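Hi,

Here is the structure I promised to pass on.

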Amino acid sequence: MEADSTDRNMREKANVEMEENPLDPYIESLRLQLEDQDPVFLIGVVVALAAVIITCVFLKYFLTSKTVRSAVLLVGLCDSGKTLLFSRLVCGKFKRTQTSITDSSAPYRVRGDKGTTWTLIDLPGHDSLRSQYLEKFKSTARAIVFVVDSAIFQKEVRDVAEFLYILLTDPVICRNVPILLVACNKQDITMAKSAKLIQQQLEKELNTLRVTRSAALSSQDGSVGGSLYLGKKGKDFDFSQLSMKVEFVECSARGSKGEEGAAEIETLEKSLSKL
């Protein structure tokens, strides 16, 4: 009697366990099948699955970055001539402008070029607006045209360098490495500085800015408040140290013949045609 009671209790316990874990038989069967397989075969299956997952993630990232970054951003300080340059590039016409308080965009294709059409976006240059609009569009930038007023550059060199520093140390811009074209505008004015001189002075000013902000370094990878270290440590800064392509070009959105004449932007358009 006692033995029958014990057997009955064991069967009841087994039934309870089966009810609590209905998948156990299947799991056990799978475990036995896996144990019967060649370990080399199992490793191959795992590696193949990992390769498929990695490939899918890479293709999604690659294709997304390629399709999204189709904009050419026009940036710079107020009164540098960005909006007139925008008008000249888009429709080839002179247009009286005023300080922009919002962005303007239009399809752009280099004249005579049957290739890709880009979206040209003119961003406001006022210091209270430029950061928010840069934040909005920076991830879409295929190229950035940084417009400089060559005629009064000597007075604005500090402000120009500070804005350029923000661009060059931005993590998103550094990751996407858009082409940077520094358009030295207003070359029709007698006192305008050359592109070479502007490049040299900006390199000196950026080097000074980097030194003054070095105390803010907060990590070993050189990040400063979310920004990246500019150039190479231990060396004076120059634009060749950057991972992005940088080109200085001279242009005049107004043109030497004034409102009725053509703009002198051929060098800039040639650079844009290489995007």
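Keep in mind that this is a predicted model. I started with the pockets, and the largest pocket comes out at about 400 Å³. It has 24 lining residues, and those closest to its centre are D79, G81, L84, T97 and K186. Helix 4 gives the most to this lining, with 3 residues. By type, the lining of the largest pocket splits into 10 polar, 8 charged and 6 nonpolar residues.

G81 is worth a click while you are there. You'll find G81 in the loop that runs between strand 1 (71–76) and helix 4 (82–91). Is G81 buried or exposed? With a relative accessible area of 17%, G81 is under the 20% cut-off, so it counts as buried. Setting aside neighbours within four places in sequence, G81 is in contact with V147, N185, K186 and A253. There is also D149: 68 residues separate it from G81 along the chain, yet their C-alpha atoms are 7.1 Å apart.

On to the second largest pocket, which holds about 150 Å³ of space. Its lining is made up of L77, C78, D127, R130, S131, D159, E162, F163, I166 and R213.

Cheers

Note on methods. Residues numbered from 1 in each chain as written. Predicted model: local features only at pLDDT ≥ 70, side-chain atom pairs only at ≥ 80, totals over all residues. Heavy atoms only, no water. Helix = DSSP H or I, 4+ residues; strand = E, 2+ residues; numbered from the N terminus. Buried < 20%, exposed > 50% of the residue type's maximum accessible area, 1.4 Å probe, protein only. Contact = heavy atoms within 4.5 Å. 1 Å grid on protein atoms, 1.4 Å probe; cavity = no way out; pocket = protein on both sides within 12 Å on 5 of 7 lines; lining within 4 Å. Points joined across faces, edges and corners; volume = space filled by probe spheres on them. Nonpolar A, V, L, I, M, F, W, Y, C, P; charged D, E, K, R; others polar.
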